Amino acid sequence: MFDYIIVGAGFSGSVIAERIANVLHKKVLIIEKRNHIGGNAFDRFNQEGLMIHQYGPHIFHTKLKYIWDYVSQFAEWHYYHHRVLASIDGQQVSIPFNLQALQDLLPSGLAQELEDKLVRQFGHGVKVPILKLRETEDRDLRWLAEFIYEKVFLHYTTKQWGMTPEELDPMVTGRVPVFISKDDRYFQDAYQGMPKLGYTAVFEGMLRHSNIKIMLNTDYKELLEVDSGTQSIRFMGRAFEGQLIYTGKIDELFNYEYGELPYRSLRFEFETLQQEKFQNTGTVNYPNEYDFTRITEFKHLTGQKHPYTAIVREYPQAYDRQRTGQDVPYYPIPKSENQERYSQYVQKAKQMSQLILLGRLAEYKYYDMDACIAKALKVFEDRIAGRQEN
Ligand code: FAD
Ligand code: UDP
């Protein structure tokens, strides 16, 4: 019936499905528990006709031309470079914290002195993770590091993760390093933009193929039995000999045998305002005020013209798979003890030659969209197309 079964219709699953159908000309079934494709990148028009991102704001950015070219087969781009401001001490300053933010928040003489020191020590145009800046020997720069740490990172991170920056892998705060520059863009990647017709249309383009069947509203457990004891897979009660590409949670796949992997979840509060514009940039962060971390106004991202505007506030919360409203695992929590537990599951998965784990949930990795696509393309070449040739 099917040569391949994929669990999950996000970027990871969809890229694999597209490649299998178009390159290998094989039949593939995607099983998706939500009522739509696109995973967390899904977007749609709301009641007032404004484009919103149902699972939080998504901006496409990559350093890799081949990834940009790959997605461009399915998307025309709206030119967009994301800019973020943070509300700090009553002002809105650039995030990542940069030389302009320094000028905006500190008296000009002091700001100039610190700027000179930063440039001397690290070089112009360099990005310095906050945890690294805090280790500097220079007393003045250490003072600056503590200032930025306290104003930008400590409270935002505690809200977002329920933990301090030190309790998490340094890569988390390293995603938004202090930038010794006046460039105020959130990303400096060579390729950035928003799909003109939205992400969902990109997914529709990827999955429009007679070899691809999609079952929505279906938990894979309704159709598949994955038995790690006998290392066998059954599909609708019959032995399945093809490959299973799994992009859901790895602990769920193995019945939580080694315990649950923790996640952080979010509650999104959407609002449509009867005004044309709400804020000056796509996103404004609130590190030190409110229970939400940030507000995003979608029109900045999408470029949509409309008399009204839609915004979303993100309220971080604990993840609880058994509690409706808290049951979406948005963020794996990068921390060594979680990685150890994850490794136990991976050992188990390795014994099943038919099984491929892919994506933010199955690999328990804080992937951006471009990284998911890159990984899916690589896995396709190495483990799916490669296996065909052998
Ligand atoms: P997902 O998109 O999570 O897809 C997995 C799919 O599997 C889901 O559709 C799920 O319903 C399905 N599934 C799970 N379990 C089962 C089951 N039991 N049965 C059937 N189906 C199942 N990346 C960027 O590059 N730029 C951004 O600006 C950006 N912003 C983000 C903002 C937020 C708030 C979040 C949470 C993420 C953001 N990301 C961003 C990351 C981006 O969402 C991910 O990199 C990408 O969507 C992951 O794709 P995926 O296919 O691995 O996982
Ligand atoms: N962060 C912060 N303050 C900010 C922005 C980011 O402390 O104003 C930290 C926080 O820990 C956050 C991490 O940097 O979770 C990564 O930020 P990013 O914007 O990449 O998060 P995402 O968009 O993935 O939620």
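**A close look at Met236 and its setting**

Tutor: Met236 counts as exposed because it has 10 C-beta neighbours inside 10 Å; with C-beta atoms placed from the backbone, a residue is exposed if 12 or fewer other C-beta atoms lie within 10 Å of its own, buried if 20 or more do, and partly exposed in between. Please keep in mind that this is a predicted model, in which local features need pLDDT of at least 70, side-chain atom pairs count only at pLDDT 80 or more, and totals for chains, interfaces and linings use all residues. Residues are numbered from 1 along each chain as its sequence is written, while chains are lettered from A and ligands numbered from 1 in the order in which they are written.

Met236 lies in the loop between E14 and strand E15 (238-239), and its phi is near 50°, a positive value in a residue other than glycine.

Another backbone feature to look at is the cis peptide bond from Ile95 to Pro96, with omega near -5°. Pro96 belongs to the loop between strand E8 (91-95) and helix H3 (99-105).

Now for the wider layout. The chain is assigned domain 1 (4-76 + 195-260 + 331-389) and domain 2 (84-179), with bounds that come from an automatic or database domain assignment. Their C-alpha centres lie 36 Å apart. The largest nonpolar core has 94 residues, and Ile6, Ile16, Ala17, Val28 and Ile373 touch the most other members.

His61, in strand E5 (residues 60-62), is buried because it has 21 C-beta neighbours inside 10 Å. His61 and Gly193 are 132 residues apart in sequence, yet their C-alpha atoms are 6.6 Å apart. The contacts of His61 beyond four places in sequence are Phe187, Asp189, Tyr191, Gln192 and Asp370.

Finally, the ligands. Ligand 1 is surrounded by 33 residues, the closest being Gly8, Gly10, Gly39, Gly56 and Gly359; a residue is near a molecule if its C-beta atom, placed from the backbone, lies within 6 Å of it. Helices H1 (11-24), H12 (359-362) and H13 (369-389) each supply at least two residues of that shell. Around ligand 2 there are 13 residues, with Phe153, Tyr156, Thr157, Arg175 and Asn285 the closest. Helix H6 (139-161) and helix H7 (171-174) each supply at least two residues of this shell, and H6 gives the most, with 5 residues.

Methods: Helices (H or I, at least four residues) and strands (E, at least two) are DSSP runs, numbered from the N terminus. Two residues are in contact if their C-beta atoms, placed from the backbone, lie within 7 Å. A nonpolar core is a set of buried Ala, Val, Leu, Ile, Met, Phe, Trp, Tyr and Cys residues joined through C-beta atoms within 7 Å.
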